[in-house]
Number of protein chains: 2
Amino acid sequence: MPRWLNPTERELWLKLNAIATLMAGAVEPQLKRDAGLSLFEYHVLAMLSEAPDRSLLMSNLAFHSNSSLSRLSHVVTRLEKQGWVTRSACPSDGRATIASLTPEGWAKIVATAPGHVESVREIIFDPLASEQVEQLNDLLQPLLESIDPDRRVISNQE
Amino acid sequence: MPRWLNPTERELWLKLNAIATLMAGAVEPQLKRDAGLSLFEYHVLAMLSEAPDRSLLMSNLAFHSNSSLSRLSHVVTRLEKQGWVTRSACPSDGRATIASLTPEGWAKIVATAPGHVESVREIIFDPLASEQVEQLNDLLQPLLESIDPDRRVISNQE
DNA sequence: GCCTATTAGTTGACGCTTCAAATCATTTAT
DNA sequence: ATAAATGATTTGAAGCGTCAACTAATAGGC
């Protein structure tokens, strides 16, 4: 009755699970060791660093970090305690909170990015030809859309 | 100085992260709701169910579950409390532990698998043509090997 | 304009994962 | 043989993520 997976599908499903489970663990040690950051924390700082004014609404930041608002809120609290991020009220919507990178936070990613990118390059991209990068990018797109159907981009700040 | 990622690489890296972060969350709700299991717990039971004698050494099971021994040990303790798994001493090596599926554990996956597979099929495979499944399988192989270099298969039971 | 529904975000408790330490068995070196 | 090193696993504490409950503000309906 159930539509079982065929051998190739089964293999791909196991592979996707393995990659999902193990990828962070492959990249994180360098970050932890050299910068004392988790991959998620780095990602949050990186998203802020690329935003206009180095600031984003919490909801937008949550979206760009693939995270729940709750998880983000906890992490931002920690990042705030380190002095890398500040929260402020959004002038146009009293419910909203703007998270901004501090100068110290900016300095932190500037210092951290090169080592991290080098490590990502070695682990993820060195074993792939540029053609394969393109193909993977295309093939993974429908998967991502299916996993995360309302991946609409939220308007920035307000 | 650092070899930065080009736009396509950057896009793929963000996509891989998003998939790694969001995939479990797409599949898990059905499992939690219909069977009270996390994806990881299901996976552990499934690996046992397919092993000879429905039994595996903890180390082998950890490998097949992409997990640390510590994480597995905690989970097996919980699964034991539910009556789905038992631990026993390995006759050939006094340090090792064999985890085995109980009849109740077997009944649990038999009952759970169809719904879970259907959900995986809908979310992961329906949006992919069979040709794309093959391609993804091939393209992700080098990635997995790079992420998890010593992915040697451990000899089964002893 | 008011009442309700919705939206943005925070909080605390609980559960799971990680990490380091500990236990006990086996293997290796001498 | 015996000590030291390695290997398999467990354990408890600490940290992180999830979930449900809560606050506060805006939007909608009439």
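Three helices, namely H4 (69–81) of chain A plus H3 and H4 of chain B, each put at least two residues into the surface near DNA strand D (helices, H or I of at least four residues, and strands, E of at least two, are DSSP runs numbered from the N terminus; near a strand or molecule is taken as a C-beta atom, placed from the backbone, within 6 Å of it). This is a predicted model, in which local features need pLDDT of at least 70 and side-chain atom pairs count only at pLDDT 80 or more, while totals for chains, interfaces and linings use all residues. Residues are numbered from 1 along each chain as its sequence is written, with chains lettered from A and ligands numbered from 1 in the order in which they are written.

By type, the surface splits into six nonpolar, ten polar and five charged residues (Ala, Val, Leu, Ile, Met, Phe, Trp, Tyr, Cys and Pro are nonpolar, Asp, Glu, Lys and Arg charged, and the others, Gly among them, polar).

So what does H4(B) look like? Its 13 residues, 69–81, reach 18 Å from the first C-alpha to the last, close to the 18 Å expected at 1.5 Å a residue (1.5 Å times one less than the number of residues). B:Leu72, B:Val75, B:Val76 and B:Leu79 are its buried residues (buried means 20 or more other C-beta atoms within 10 Å of a residue's own, exposed 12 or fewer, partly exposed in between, with C-beta atoms placed from the backbone). Seen down the axis of H4(B), these buried residues fall within an arc of 105 degrees, so they line one face of the helix (the arc is that of the directions from the helix axis to the C-beta atoms). They pack against helix H2 (39–50), helix H3 (58–64), strand E2 (85–89) and strand E3 (97–101) of chain B (contact means C-beta atoms, placed from the backbone, within 7 Å). On the other side of H4(B), B:Ser70, B:His74, B:Thr77 and B:Lys81 are exposed. Just after this helix, B:Gly83 has a positive phi of about 85 degrees.

As for the two chains, their contact takes 46 residues from chain A and 46 residues from chain B. On the chain A side, H1(A) brings the largest share, 16 residues.
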